[in-house]
Amino acid sequence: MRTVLNMGTPRPADQSVPPETSDDELAISVRGLSKSYGDVQALDGVDLDVRRGTVLGLLGPNGAGKTTVVRILATLLLPDAGTARVAGLDVVHDAAKLRERIGLAGQYAAVDENLTGLENLTMVGRLYGMPRRQAKARGVELLDRFELDEAANRPVKTYSGGMRRRLDLADALVAKPPVLFLDEPTTGLDPRSRLNLWETIERLVAEGTTVLLTTQYLDEADRLADTIAVIDHGTVIAEGTSDELKDRVGGERLEVRLEDGEDVDAAVRALAPMSAEPPVAEDGLVKLTVRERRGVIVEAVRRLTEAGIGVDDLVIRRPTLDDVFLSLTGHVAEEKADEEAAAA
Amino acid sequence: MRRLVTDTLVIAERNLVRLPRAPDLLLAFTVQPVMFVLLFRYVFGGAIRTPPGITYANFLIPGIIVQNIAFGGFVTALGLNEDVHKGLIDRFRSLPMARPAVLAGRTFSDIVTNLLSMTVLTVTGLIIGFSFSHTTALDVIAGVGILVLFGYAFSWVFALVGLLVSSPESANSFGFIAIFPLTFISSAFVPPQLMPAALRAFANVNPFTIVVDAMRHLWIGQAAGNYVWGAVVWSVVIIAVFAPLAVRRYRRATGA
């Protein structure tokens with residue numbers, strides 16, 4: 001069940017870019033990437049393209065192969081087969097050069113707890129080859145930007161989870177890399193820190209950074225990603241914009257709440273021609289799946305008015321990415337993750 | 001090459017800056033050896049027959065310093081293991097830094113901590129009756145040189161251990177199962193002549209014996225044969241074997 005939809009619709013800022021994608025416009029290009037650990041086939045022929053300045057969300061349950069993709073693209077792991085180019089460089093043959101042009105922020109915040117925030121950033125800057133003074137200046141700049149300036153000289157072990165993630169992300173940005181890999185950047189964060197980090201990532205993308213983001217949270221992919229690739233058992237099973245994926249699940253959900261005491265059966269009869277499947281009714285609420293969003297509300301109101309039925313409220317609900325994931329993989333994202341965690 | 005040097009120094013600096021902030025580790029490498037000196041000197045010392053003309057304090061100090069130096073690399077095993085688990089090794093491997101620098105920086109900073117614990121032990125020794133005898137200042141310094149070199153060699157052994165084992169606890173048990181007997185079945189604490197034949201045979205070829213006897217030659221004038229060169233050769237061989245193995249393992253390290 002391999003379906004590749006059109007590549008992402010350009011975000012508003014990119015509308016000058018022609019829709020065809022040439023090699024120059026691809027910040028990341030992956031073909032037939034495979035990797036196995038012993039008997040376990042972690043990746044089985046993954047293809048991905050990410051246009052410059054866009055965000056690709058790699059969505060899938062734990063163990064689907066998301067982290068393996070990131071590790072190969074970040075030169076931490078060699079693929080068994082296939083090719084991958086990042087920022088125009090081959091991840092295997094140009095690995096040393098590529099490391100100057102990527103930033104990596106991991107699942108667990110990879111910062112030294114016994115160093116201060118500023119010491120961490122200065123160390124990373126110097127390991128990128130900057131002189132001490134320049135590395136320190138860059139560190140101060142980033143601490144300021146990530147609102148960590150007040151904690152700059154405190155050991156990281158005194159930081160909260162959200163602060164550590166921000167420092168981790170700052171580490172990844174020290175060399176102003178054009179391509180950024182974020183491996184489950186908000187896993188384990190409280191809702192406020194999560195929102196905070198999302199806003200930071202959005203600002204980076206607005207400045208032109210290309211981001212490959214892995215996540216098991218559908219709302220995160222929905223909010224941040226221009227294009228989403230759904231990955232399961234080491235293969236990309238669907239790819240497209242959030243909207244395209246939702247369209248694939250088929251239709252919109254129309255929900256009509258009737259005024260008190262109205263005849264539910266009459267309402268079902270009136271609305272039935274709009275849907276391929278019979279509408280469902282419960283407690284004065286009629287639900288049906290419609291193929292297309294356009295004109296649905298007007299038509300529903302017209303039909304109900306003609307039948308003389310009073311409407312209290314009327315809503316079109318788009319399918320969520322949860323619906324998408326369920327229909328594509330046959331299982332719910334979070335449930336699968338829990339199972340694997342339990343099995344591990 | 002210049003990158004290797006600067007990157008190594010950046011990592012070494014990081015290790016040394018964080019050391020006083022994790023004082024338990026510092027304590028382990030200063031207070032614990034002092035405790036060992038006192039226990040051996042005053043609990044076992046009276047029962048151990050030393051070669052004629054050598055007091056137990058003089059016999060013990062070179063041995064216990066060598067043992068302690070060999071364990072100095074333990075900081076490297078624990079530190080690297082922690083870095084693997086915290087994802088810092090991933091961070092370093094994704095940076096355009098010289099590949100061996102993380103390990104070279106680690107082992108380099110061990111030299112500093114080893115010098116610290118050497119000083120603590122020597123001062124303790126002088127207090128409990130150890131004295132440099134039948135020796136010259138040059139020989140004493142040569143002895144320090146051998147200690148630094150031998151400690152550096154074991155840092156590479158521990159670097160490999162730190163990258164291979166799954167947890168700090170397993171690094172710990174490796175230290176106690178592999179290194180501890182090696183130091184005890186040597187001339188470090190008891191003259192091998194007093195051991196059963198099988199142990200004596202092992203003790204006589206044990207590199208620890210060679211290094212300890214080299215130290216006794218340089219610090220208290222015990223006849224030494226080729227032990228001084230033997231100590232240097234052993235150290236170089238250990239580095240030549242374990243440094244490439246550790247760097248290879250580092251390149252392939254796959255994180256937690």
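In E6(A), Leu89(A) is the bridge partner of Val86(A). The model is predicted, so local features are reported only at pLDDT of at least 70 and side-chain atom pairs only at pLDDT 80 or more, whereas totals for chains, interfaces and linings use all residues. Residues are numbered from 1 along each chain as its sequence is written, and chains are lettered from A and ligands numbered from 1 in the order in which they are written. Strands are DSSP runs of E with at least two residues, helices are runs of H or I with at least four, and both are numbered from the N terminus. Two strands pair if DSSP finds at least two bridges between them.

E5(A) and strand E6 (residues 89-90) of chain A are antiparallel and share two bridges.

Axes are lines fitted to C-alpha atoms, for helices over the stretch in contact, and angles run from 0 to 180 degrees between N-to-C directions. Contact means that the C-beta atoms of two residues, placed from the backbone, lie within 7 Å.

Thr75(A) lies in the loop between H1 and E5 of chain A. Thr75(A) is not a glycine, yet has a positive phi of about 65°. Thr75(A) is buried, with 23 other C-beta atoms within 10 Å. A residue is buried if 20 or more other C-beta atoms lie within 10 Å of its own, exposed if 12 or fewer, and partly exposed in between, with C-beta atoms placed from the backbone. Glu184(A), also not a glycine, has a positive phi of about 45°. Its loop runs between strand E8 (179-183) and helix H6 (191-206) of chain A. Glu184(A) counts as buried, with 21 C-beta neighbours inside 10 Å.

Chain A has twelve helices and 15 strands. Of its 344 residues, 44% count as buried. Among its contacts between residues at least 6 apart in sequence, 69% join residues at least 24 apart. The domain assignment, automatic or from a database, gives domain 1 (3-247) and domain 2 (251-318). The centres of the two domains, taken over C-alpha atoms, are 43 Å apart.

Another open sheet of four strands has the order E13-E14-E12-E15 (chain A), with antiparallel pairing. Strand E13 (280-282) and strand E15 (311-317) of chain A are its edge strands, each pairing on one side only. Neighbouring strands are turned by 15° against each other on average, direction ignored. Strand E12 (residues 252-258) of chain A is joined to E15(A) by six bridges. Leu258(A) stands opposite Val311(A) in E15(A). Two helices lie across this sheet. Helix H10 (residues 296-306) of chain A lies across E12, E14 and E15 of chain A, at about 150° to E15(A).

In the interface, 24 residues of chain A are in contact with 19 residues of chain B. On the chain A side, H3(A) gives the most, with five residues. That side divides into 14 nonpolar, four polar and six charged residues. Nonpolar covers Ala, Val, Leu, Ile, Met, Phe, Trp, Tyr, Cys and Pro; charged covers Asp, Glu, Lys and Arg; the others, Gly among them, are polar.

The largest nonpolar core has 147 residues. Such a core is a set of buried Ala, Val, Leu, Ile, Met, Phe, Trp, Tyr and Cys residues joined through C-beta atoms within 7 Å. Residues with the most contacts inside it include Ile28(A), Val86(A) and Phe150(B). Helix H8 (residues 137-164) of chain B gives the largest share, 13 residues. A second, separate core has twelve residues, among them Val256(A), Ala267(A), Leu304(A) and Ile309(A).
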